[in-house]
Amino acid sequence: MKPRIVTEHLSRWYGNVLGLSDVNLEIGPGITGLLGPNGAGKSTLLKLITGQIKPSVGRVTIDGQPVKGRADLFYRLGYCPEQDAFFDGFTGWQFLYWLLRLHHFPEEKAAERTKEMLRLVELEADANRPIRSYSRGMRQRLKLAQALAHEPEILILDEPLNGLDPLGKRKMIRLIRDFGQEGRLVLVSSHILPEIEALTRQIILIHQGKVFAQGDIHEIRDLIERHPHVVSVRTRDSRQLAAWLIQQPYVVKAYFGENDDNLFVETRNRDKFFNFLLELVAEGRIEIEEITSPDDNLQAIFDYLIGKA
């Protein structure tokens, strides 16, 4: 399938600070996840694609047309920014209605579409409240509504799940997936791996302004699963536990922290490791006070992938 968004040697500097470095991407219809830690360059890439900032080097094209200076392309785009950008004195209804009027919707059609979108994101009951009184989750839903309202072909979402409670996230994920299944292009950024996994199998990993991997999420997950995980176990039987664990083939090493009660275990298979611990506890052979994973985060995964690159 022909890609709709193409970046070629795309780079962007902010003074002496590198925001994006030599990014070459081809993104086609469907949902693509843009995954990276905070400060990785996700928002810079999305702003370049949507024409909000100019590249220092390289270019972006949409359907073969350069983004720069092509206002007609923007009608095809829906954009949900990470930061709020509202007229706080407006109500939710006024905000959507006047944005649609700016998209040249006739008055009656704009009013109908506004009501439809507020219903879609479950803000119909709060349509006449000032936006300044909205909760963070309500604002997120309103941002998604404005991105979808003019029926764009391409949807760009920058951390759209921030500020939502678990139920709100599930509903937002369903809306985004429905949009992507209609054959349109959705590019959605997040720094949380399970959020992206719930949305799509196609993923782009970005870190320090560079793309380190692109493709099927299960292939990238295989890389992540080979990452040796560090788990901290606090128990009074730490020395006996260390002796048992070091005999297991999936344990790389075990070492003690500042005191003997804290045992750090490096393992290449967390499932087998935790199953083994559960067996020990169930059999009454050991008592465990606390288990934590000090490197169970996206930054650690990226550090691992970068070290292997």
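**View A. Helices α4 and α5 at their crossing.** In this predicted model, the axes of helix α4 (residues 107-120) and helix α5 (residues 136-149) come within 9 Å and cross at roughly 135°, which makes α4 oblique to α5. Axes are lines fitted to C-alpha atoms, for helices over the stretch in contact, with angles running from 0 to 180 degrees between N-to-C directions; angles under 35 degrees count as roughly parallel, over 145 as roughly antiparallel, 65 to 115 as roughly perpendicular and the rest as oblique. Arg113, Met117, Leu118 and Leu120 in α4 meet Leu142, Ala145, Leu148 and Ala149 in α5, where contact means heavy atoms within 4.5 Å. Helices (H or I, at least four residues) and strands (E, at least two) are DSSP runs, numbered from the N terminus.

Local features need pLDDT of at least 70 and side-chain atom pairs count only at pLDDT 80 or more, whereas totals for chains, interfaces and linings use all residues. Residues are numbered from 1 along each chain as its sequence is written, and side-chain values use heavy atoms, with hydrogens and water left out.

**View B. The buried side of helix α9.** Ser238, Leu241, Ala242, Trp244 and Leu245 are the buried residues of α9 (residues 238-245), buried meaning under 20% relative accessible area (1.4 Å probe, protein chains only). These residues lie on the same side of α9 because they cover an arc of only 160° around the axis, the arc being that of the directions from the helix axis to the C-beta atoms. Their packing partners are β11 (229-234), β12 (251-256), β13 (262-267) and α10 (270-282).

View C. Four strands form an open sheet in the order β2-β1-β4-β5, with antiparallel pairing; the edge strands β2 (17-27) and β5 (65-66) each pair on one side only. Two strands pair if DSSP finds at least two bridges between them, and seven bridges link β1 to β2. Helix α1 (residues 42-49) packs on the sheet, touching β1, β2 and β4 (57-62), and its direction makes about 120° with that of β1.

**View D. Valine 6 in strand β1.** Valine 6, found in strand β1 (residues 5-14), counts as buried because its relative accessibility is 18%. Not counting residues up to four places away in sequence, valine 6 touches Leu25, Glu26, Arg59, Val60 and Thr61.

**View E. Strands β6 and β7.** Strand β6 (residues 77-80) and strand β7 (residues 154-158) run parallel and are joined by four bridges, with leucine 77 opposite isoleucine 154. Leu77 and Tyr79 point one way from β6 and Gly78 and Cys80 the other way, and all are buried.

Conventions
Buried means under 20% relative accessible area, exposed over 50%, partly exposed in between (1.4 Å probe, protein chains only).
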